Amino acid sequence: MPDGEAKSARSETRFGQGFLTDIWYFAALASDLRPGRLARYEMLGQPVLLGRSKAGRLFALRDICPHRAAPLSAGRFHREASGAETVECPYHGWRFAADGACAAIPSLVEDQAFEIDRIRVRRYPVAESQGLVFVWVAGDARGEGEPDQPPPAFPGVVGGGPKLVDRMEFDAHIDHAVVGLMDPAHGPYVHQQWWWRSKASQHEKAKRFEPREAGFAMVRHEPSRNSRAYAILGGEPLTEITFRLPGLRWEHVTVGRRQVLSLTCLTPIDEKRTRITQIVWSDHPAFLFLKPFIAAGARAFLRQDGEMVHLQNQGLKYDPPLMWVDDADRQAKWYQQLKREWTASRRERRALVNPAEPATLRWRS
C-alpha cells in the first residue's frame, strides 16, 4: 500500500480521528430540501451543497466555486437554453450542472477559446430513501467513485411523516458521540428523571446481541422494568436496538401491530463537531395525545448527553488513554473493530467480515 493510503487508513481507524469513507452518511430530511432550494451543509470537514432543482431532482456538490471560492449555495438556479437547470455562482455567474460540470462562464467573449468543459466541482452521489437524504462520501482522493450499495433502510417507518424531529450539535468527534450513544451504563447517572429511571433503580441486566449489516443489534426483548417510559405504550412492548456504521442507531418498538421507530443519525461536521438528528415515526395512538410530553422527554435526553459531552471534553483535551471495561463497553469495542474492518475491506476490495459475534452481555444499570 502506498504511504499516503496507509496514512489515510490509519487516520480513518484511529479512535477520535479521521472519518470512514466509501459509505453513506445521513445528510438531511427530504422535507428540508424543497424544489428550487439550495442549502449549505458541512460534512467531514467539507462544505456540501445539497439542492433540489425546480423539477425536483436532488443533487450534491462541493460548495466552493473553483473560480474565487464563493459558496455556490448562495447562488440561484438558472435555466439554460437547452432546458437544463444549473446552479449560478453569486460572484461572477459561473454556472454548474448537477454532475459538477461547468456549463457557462459569462465573462468570456466569443473568440476566447477557454475550455470550460475541463472545469468541474466535486459531485457527491446522493440518494433519497424513506424520507431521508444520504450522501455517499468516496474514499478516492479526487472524490471519485460511485456507491456499490444502496443507502440504509429501517424497519418501522410508519404513520406517515416523522412524529418528532430534534437536532443538536455535539462538540465531539463522531467516535466519542457514537460510543456515548451506545453506552448502556450511563443512563442512571446522566438521565435521571422520574418518568425514566433513577440511580437507585439499578439492577443487573443480560441482553442478547448478534451481528447485523455493518453493525450489530441488541435482539428483540422486553424492555427493562426500570425503564418507565415504555409504560405509556401500554400492552406488552418489545424492543430491538440496532447500530450500523458510520453512526446510525435505531430502536424499533412493537406493541402488537403498532410500531415506534426512534432513529438517531450522527453526521460528522468536522473533527470536533458532530450533528445529531433524532427522528421518530409511529402509528401508535399515544403520539396523538402525548406528543408534547414525548417530545420534551426526547429533547431532555439529547441535551443531557450534550452536557456530558461538554464535561468530557475537559478531560479529552489532555488526550488521555481511555479504558474499555468488560461487557458494558463491548459495543464500543465492536464499533472500533468495525471501523478497522470497514477500511480494510474497502481497501482490499472484499466483503466486510463482521467482528461482532453473537453474545449475551451483562452489566448493571
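This report describes the nonpolar cores, an aromatic pair, a sheet, a loop residue and a helix of a predicted model.

Local features need pLDDT of at least 70 and side-chain atom pairs count only at pLDDT 80 or more, while totals for chains, interfaces and linings use all residues. Residues are numbered from 1 along each chain as its sequence is written, and side-chain values use heavy atoms, with hydrogens and water left out.

**Cores.** A nonpolar core is a set of buried Ala, Val, Leu, Ile, Met, Phe, Trp, Tyr and Cys residues joined through side-chain atoms within 4.5 Å. Buried means under 20% relative accessible area, exposed over 50%, and partly exposed in between (1.4 Å probe, protein chains only). The largest core has 50 residues, and among those that touch the most other members are Tyr25, Phe216 and Tyr335. A second, separate core has 17 residues, including Leu38 and Trp94.

**Aromatic rings.** Rings of Phe, Tyr and Trp (its six-membered ring) pair if their centres lie within 6.5 Å; planes under 30 degrees apart count as stacked, over 60 as edge-to-face and the rest as tilted. The count comes to 10 aromatic pairs. Phe216 belongs to strand β13 and Trp334 to helix α6, so the pair ties together parts that are 118 residues apart in sequence. Phe216 and Trp334 are both buried.

Helices (H or I, at least four residues) and strands (E, at least two) are DSSP runs, numbered from the N terminus. Two strands pair if DSSP finds at least two bridges between them. An open sheet of four strands runs in the order β5-β6-β7-β8, with antiparallel pairing. Strands β5 and β8 stand at the edges with a single partner strand each, so one side of each has no neighbour in the sheet.

Ser73 is placed in the loop between β4 and β5. Ser73 is buried, at a relative accessible area of 16%. Contact means heavy atoms within 4.5 Å; beyond four places in sequence, the contacts of Ser73 include Leu38 and Asp63.

**Helix α5.** The buried residues of α5 include Ile294 and Val309. They pack against these elements:

| Element | Residues |
|---|---|
| β11 | 164-170 |
| α3 | 187-190 |
| β17 | 273-282 |
| α4 | 286-289 |
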